[in-house]
Amino acid sequence: MNDLISYVKNTLGACECGTVHHPLTVEKIAIGGNVVEQELPAFVKSASYKKAAVIYDETTGRIAGKRIAALLEETAETVPVLLEANEAGDVTADEQTLVSALIGVPVDADVLIAAGAGTIHDIVRFCAYQRGISFISVPTAPSVDGFTSAGAPLILKGKKQTVQTTAPIALFADLELLCQAPQNMVAAGFGDMLGKVTSLADWEISRLLAGEPYCPAASRLTREALDQCLVRIDDIAAKTRDGIKKLMESLILSGLVMLVLDHSRPASGGEHHLSHYLEMKALENNKRQVLHGAKVGCSAIMLTDIYRSLIGTSLGDQHAEQATRSIYAKLPDGEKMAEWMRRIGGPVSFKELDVEEELVREALTYAHQLRDRYTGLKIINQYGLLPGLLGKGPGVKGVKM
C-alpha cells in the first residue's frame, strides 16, 4: 500500500458492479517521519496558497497546531483558530462550535489546515465546504477512519447527522507525531477498524434484504484495511513505528473508500449507530464524551454475538433467515474480538466505559432509527428479538431487559 490513492483508484476503477464511483479528490497522502516539517510547507507553496487558517483545540495546538503555523510563516500568512471546549470539557461538532469556527476563519483565507483528530477534522471539513476552499489534514492521533472521507458527523439540533461536505486536498500523517499519541487514542483507532467486522456484514445484509447498492471491490478494500490491523496487533499495541504506520494506512484506506462511494456504508453499520446514539445522550446530559472508536469497538464486540445469535432464529421469512445464516455465520465471536481489543489496551464492554446498563438497552432499542439503513440492529428490533438475545457474549453480559 505504498501509494494508497493509486491503489484505490485502480481497484475501484476496475469494478463493474454498477454502483456510482465518485472522483477521488485527495491529491497527496504523505505518511512518514517528519512529513509535516519536510513536505507540508512545500505543498502549500506549490499550491500557491496565500493565507492559511490553522484550526486546533487547546491540546492539539500545543502538540502540532502552533508548530504548523510557525513552519508556514515563510510560505503563507497563517491565522490560528482555537476551538473552545464545552462545559463538559469536550470540543464537539455542534452548531455553536461550527459557527464559531466559521467566524474565526478570515474571509480571505484560501486554505484551512486541520490539526487534530476526528472531531476537529469534521469541523474543518464543514468550514471548508461552506467557504468553498480546500483543507489539509494533519492528524494528531490514529484514532478514526474519517480523515480522508467527505462525510462530517455533526450534532445538529441534538441529533448526530452525517453531512456530505468535502475531503482534504492532502493529508500529512507524521509518524513522529502519531507515535506519541496516547494509548487510548491508538486503541480508539483500532476500535474504529474493528467495527468493520459488523459494518461489512451489515452492508451485505442490506444488499440481500433491502436491495441497497453494494460494491464488492469496496468491501474487499475495507476488509483488507481491517485484516492489515489484525495481523499487526502487537506492533500497534506497542506503538512501534511500523505498527502505527499500518494502523494509519488502514484508517486512511477506509476513508478513501467512503470518499469514492460518497457514503459510509462499508465502514459504518449498527455499531456506529450505537456509538452515535450514546454520543447524543452524553451531550444531552452534559457528560464528558467517550472516544468514538472506543464506543464503536465495544459496540462491535457486543453486536457480533447478538448477530451470531440470529442464526437459526425463526423470522417468519425464509429469505431473511437464509441471509442472516449465510452472513452472520462468518463473524468471529465476541470473545475473540474482545481478545484483540485487550491486546491493544482498549475497552471491551460498556461497563468499562461507565455507560449505564439502562442506556445500553435504550441504544440497542432506538439507535437503528438514526439512519435509514438496513442492519442487524434493525432486524432484531423489527422482529422483536432483542429481549431474548441479551446477556450473551462479553459485550452484553449483564445487560438485561
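**Annotated site, a buried serine and a pocket**

An unreviewed UniProt entry lists Asp57, Gly118, Thr119, Ile120, His121, Asp122, Thr140, Ala141, Pro142, Ser143 and Ser149 under "binding site". UniProt positions follow the numbering used here, feature names are shortened, and annotations may be inferred rather than shown by experiment. From this set, Thr119 and Asp122 belong to the lining of the largest cavity. This is a predicted model, where local features need pLDDT of at least 70, side-chain atom pairs count only at pLDDT 80 or more, and totals for chains, interfaces and linings use all residues. Residues are numbered from 1 along each chain as its sequence is written, and side-chain values use heavy atoms, with hydrogens and water left out.

- Asp57 sits in strand β2 (residues 51-57); strands are DSSP runs of E, at least two residues, and helices are runs of H or I, at least four, numbered from the N terminus.
- Asp57 counts as buried because its relative accessibility is 16%, with buried meaning under 20% relative accessible area (1.4 Å probe, protein chains only).
- Beyond neighbours within four places in sequence, Asp57 contacts Leu82, Leu83, Val91 and Ile120; contact means heavy atoms within 4.5 Å.
- The Asp57 side chain reaches the backbone nitrogen of Thr59 at 3.1 Å.
- Ile120 belongs to helix α5 (residues 118-131).
- Ile120 is buried because its relative accessibility is 4%.
- Leaving out residues up to four places away in sequence, Ile120 touches Ile55, Tyr56, Asp57, Thr60, Leu83, Ala114 and Ala115.

**Ser206**

- Ser206 is part of helix α8 (residues 196-210).
- With a relative accessible area of 0%, Ser206 is buried.
- A polar atom of the Ser206 side chain lies 2.7 Å from the backbone oxygen of Trp203.
- Not counting residues up to four places away in sequence, Ser206 touches Gly211, Glu212, Arg265 and Tyr374.

**Second largest pocket**

- The second largest pocket holds about 260 Å³ of space; a volume is the space filled by probe spheres set on grid points, which are joined across faces, edges and corners.
- It has 15 lining residues, and Glu84, Asn86, Asp94, Gln96 and Thr97 are the closest to its centre.
- On a 1 Å grid over the protein atoms alone, a cavity is a set of points where a 1.4 Å probe fits but cannot get out; a pocket is an open set with protein on both sides within 12 Å along at least five of seven lines, and lining residues have an atom within 4 Å of a point.
- Elements giving two or more residues to this pocket's lining are β3 (77-83), α4 (95-104) and α12 (270-284).
- Helix α4 supplies the largest share, four residues.

Methods
Buried < 20%, exposed > 50% of the residue type's maximum accessible area, 1.4 Å probe, protein only. Polar contact = N/O pair within 3.5 Å; in protein donor to acceptor, adjacent residues only side chain to side chain.
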